[in-house]
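This report describes one protein chain and the surroundings of its ligand. The sequence and the structure are shown below.

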Amino acid sequence: MSAEAKTETAMPPEAKTELEQPIGMAKVVVRAPAAAEKPLPRVVEFRHVTKTYNLGQPNENTAIRDVDFFVEDLPGRGEFICVLGPSGCGKSTILRLIAGLPPQHPATVGEVLMFGQPITGPGSDRGMVFQDYTSFDHRTVLENITFGLECEGVSRQQRYEVGGHWLEQVGLNVEKDQDKYPHELSGGMRQRVAIARTLILRPRIILMDEPFGALDPQTRMNMQDLLVKLWREVQATVFFVTHSIDEAVFLGDRVYVMGRSPGTILEEMKVEPADRPARLMQRDPRFIETVNHLRDTISRLEEGK
Ligand SMILES: Nc1ncnc2c1ncn2[C@@H]1O[C@H](COP(=O)(O)OP(=O)(O)OP(=O)(O)O)[C@@H](O)[C@H]1O
Ligand SMILES: [Mg+2]
């Protein structure tokens, strides 16, 4: 929707807090002080969060400083948030703070909240997928996918039934793949297992730290298409860290751009949802305009401007 098309009455509550400037398929978001009439619950909120590792020691290092953002609980769907930024700017630190994983958790200063409550540690309401293929080597594909259900005490028959469904959902073959061990799988297949293992628990928040970073370009695009399809089904809020600007613009409803040392969020963009396969979307001139804008922004950041 163009800025002119918005009227006071037609504006959704969320839009009232944002001034938007279109760039190709996206808009730069400027949070304005005027609040929505009835604010939506916040899935995640960072309130002036700073994380300093090794506090008080000679190797003290502030990874992120004064990070302040929130993600609203939009009715009927979760948002897909992509986080871009130079290496070492604190992307993984932010993700692991949401996951409640030490030593990133707890924050040194500020608050990390989920639906208004402080995050006190890990929980099954948040699932995480990492770049390196973190499967249990001594467990088969099906045993890996159903591990979380096993921890929850679900019967073997029931978890294998649900596990078989998720195995197919991520594009693996029940007969051929379920009894394989991780060392018998390609990188793409292992990430499919990791995604199934996370989604089977239906987390409210999915945290993904460069999950496709080690995949070849073709497999990566296939995985992006798969993720868009699955995410629409599970209705979770996703935080997705990537170094690929194309990936962020394709997948994200919003893109956060971080600056380095200590990291903070410098720009937020709202992006149109993916309505085509990655391979087609990436050819659209409006898509390219957004990517170029982000590339210039990140170059400026890397040059320290
Ligand atoms: N466990 C830790 N102990 C001490 N310092 C850490 C720890 N984890 C991260 N850091 C430091 O915090 C800063 C941010 O690290 P982080 O891993 O969050 O960056 P990143 O943006 O994810 O980087 P990359 O893109 O390379 O994965 C870096 O300077 C890093 O050295
Ligand atoms: Mg990282």
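Leaving aside its neighbours within four places in sequence, with which residues is Ser135 in contact? The residues are Asn144, Pro182, Arg190, Val193 and Ala194, a contact being a pair of C-beta atoms, placed from the backbone, within 7 Å.

## Model and conventions

This is a predicted model, in which local features need pLDDT of at least 70 and side-chain atom pairs count only at pLDDT 80 or more, whereas totals for chains, interfaces and linings use all residues. Residues are numbered from 1 along each chain as its sequence is written, and chains are lettered from A and ligands numbered from 1 in the order in which they are written.

The average pLDDT of the chain is 89, and 90% of the residues score at least 70; pLDDT is the predictor's confidence in each residue, from 0 to 100. Residues 1-17 have a pLDDT below 50, and this stretch makes 18 contacts in the model beyond near neighbours in sequence.

## Overall fold

The chain contains ten helices and twelve strands. These are DSSP runs numbered from the N terminus, helices being H or I of at least four residues and strands E of at least two. Along the principal axes, the C-alpha atoms fill a box of roughly 55 × 50 × 40 Å.

Of the 305 residues, 37% are buried. A residue is buried if 20 or more other C-beta atoms lie within 10 Å of its own, exposed if 12 or fewer, and partly exposed in between, with C-beta atoms placed from the backbone. Among contacts between residues at least 6 apart in sequence, 70% join residues at least 24 apart.

## Domains and their contact

Domain 1 covers 13-125 + 203-302, and domain 2 covers 135-201; the bounds come from an automatic or database domain assignment. Their centres, taken over C-alpha atoms, are separated by 27 Å. Twelve residues from domain 1 and ten residues from domain 2 take part in the contact. On the side of domain 1, helix H7 (residues 217-234) gives the most, with five residues. This side has ten nonpolar, two polar and no charged residues, where Ala, Val, Leu, Ile, Met, Phe, Trp, Tyr, Cys and Pro count as nonpolar, Asp, Glu, Lys and Arg as charged, and the others, Gly among them, as polar.

Val129 belongs to strand S8 (residues 126-129) and counts as buried because it has 22 C-beta neighbours inside 10 Å. Beyond residues up to four places away in sequence, Val129 touches Ala194, Ile195, Thr198, Met208 and Pro211. Ser135 lies in the loop between S8 and helix H2 (141-145) and is likewise buried, with 22 other C-beta atoms within 10 Å.

Eight of the nine residues of H1 are buried: Lys91, Ser92, Thr93, Ile94, Leu95, Leu97, Ile98 and Ala99. Gly100 follows H1 and has a positive phi, near 75°.

## Backbone features

Two cis peptide bonds may be noted. One runs from Pro102 to Pro103, with omega near 5°, and another joins His105 and Pro106, with omega of about 0°. Pro103 is in the loop between H1 and strand S6 (109-114), and Pro106 is also placed in the loop between H1 and S6.

Asp66, although not a glycine, has a positive phi of about 55°. Asp66 is in strand S4 and is partly exposed, with 15 other C-beta atoms within 10 Å. Arg202 also has a positive phi, of about 50°, without being a glycine. Arg202 lies in the loop between helix H6 (187-199) and strand S9 (205-209) and counts as partly exposed, with 14 C-beta neighbours inside 10 Å.

Notes. Contact = placed C-beta atoms within 7 Å.
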